[in-house]
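Dear colleague,

I am handing over the structure below, and my notes on what was found in it follow directly after.

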Amino acid sequence: MGFAGPTWLDGDNIIEGQVFLNGAYLDGNSSNGEVSQAEFEAVISHELGHFNNLDHAQINGFKYEAGLAPATSVETMFPVLLTVEQRFPAKDDEVALSLLYPTSSFASTTGTITGTIFNLTPGGKMAFTGANVIARNIADPWNDAVSQVSGVTKIPAGVYTLSGLTPGANYTVEIQSIDPSFTQGSSVGPLDPPIPLPGPSEFYNGSNEESTDPPDNPNDYTTIKVSAGVVVSGVDILINTGIPQPGPTPTLVHTATPKPPSGATPTPTVTPREAGPFFHLPRKVLRTKAISR
Ligand SMILES: [Zn+2]
């Protein structure tokens with residue numbers, strides 16, 4: 001359906017990029033794949049994101065498929081085309097663009113949370129690169145959510161920074177694995193293939209984050225209030241390696257689930273994710289057929 005990316009750099013500055021869009025998806029010939037105009041507009045938005053050097057993101061796409069998150073919250077840069085609402089940038093798309101091309105007031109008018117993901121190994125506490133880290137505003141967890149993969153720049157390892165947060169709002173911070181199908185042109189973050197978390201998805205829960213006393217319940221969370229122009233640092237998460245998990249482990253969700261917006265009583269229904277075509281295999285390889293076809 002498309003691929004895109006920067007093609008020429010001058011130091012750290014992108015001076016040229018390209019976007020490839022496969023119009024055969026709009027030619028009325030179903031034998032070579034077909035999408036609606038609105039769906040194709042979502043492809044255009046997504047590829048223009050790559051043109052501007054955005055990576056993929058994994059925040060609400062699976063939640064939407066499970067019937068939890070609204071379509072309007074699905075990030076444009078989710079690797080799979082799921083809804084026409086991906087025509088429009090979600091919060092994370094906007095924040096990612098703002099980090100690359102900020103207005104002069106971006107940093108001073110938004111909040112930031114940063115920390116390191118650690119894994120307890122026989123050799124001691126080691127920084128863990130490749131965890132998907134998401135901050136969600138507990139008052140608006142689907143729409144006000146920002147992510148970054150830990151260690152995204154590889155140096156230093158395991159560090160994440162979540163920017164563009166709403167001043168005065170309270171955020172949860174959670175970790176999860178990048179979906180194992182997100183490889184090559186559909187990769188998310190610095191590792192390809194992704195490395196799964198050596199423990200369950202879980203929330204940051206403050207002084208109970210250390211898994212020794214009591215055993216760290218992955219569904220316990222401590223919210224973090226952010227302020228304009230302030231960086232809240234040291235929000236470190238220790239992966240629950242080898243710790244017995246209290247309570248049932250959900251099987252239908254890919255991540256620890258914040259409470260849904262008030263008034264919503266969603267019933268999860270699982271849609272095969274292959275039902276949605278991948279946008280592309282960009283940057284490296286072009287895939288012209290939807291994955292389900
Ligand atoms: Zn893409």
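A patch is made of residues with over 30% relative accessible area and no salt bridge, where like charges are joined within 9 Å and nonpolar side chains (Val, Leu, Ile, Met, Phe, Trp, Tyr) within 5 Å; a salt bridge is a side-chain nitrogen of Lys or Arg within 4 Å of a carboxyl oxygen of Asp or Glu, and accessible areas come from the Shrake-Rupley method with a 1.4 Å probe, with only the protein chains shown counting as cover for residues.

Please bear in mind that this is a predicted model, in which local features need pLDDT of at least 70 and side-chain atom pairs count only at pLDDT 80 or more, while totals for chains, interfaces and linings use all residues. Residues are numbered from 1 along each chain as its sequence is written, and side-chain values use heavy atoms, with hydrogens and water left out.

Leu9, Ile14, Leu100 and Tyr101 make a nonpolar surface patch of about 360 Å². Of these, Leu9 lies in strand β1 (residues 2–10), strands being DSSP runs of E with at least two residues, numbered from the N terminus, and Leu9 is exposed at a relative accessible area of 54% (exposed means over 50%, buried under 20%, partly exposed in between, with a 1.4 Å probe and protein chains only).

Thr172, in strand β8 (residues 170–176), is by contrast buried, with 1% relative accessibility. Beyond its neighbours within four places in sequence, Thr172 is in contact (heavy atoms within 4.5 Å) with Ile134, Ala135, Arg136, Ile138, Phe203, Tyr221 and Thr223.

Definitions and conventions:
Helix = DSSP H or I, 4+ residues; strand = E, 2+ residues; numbered from the N terminus.
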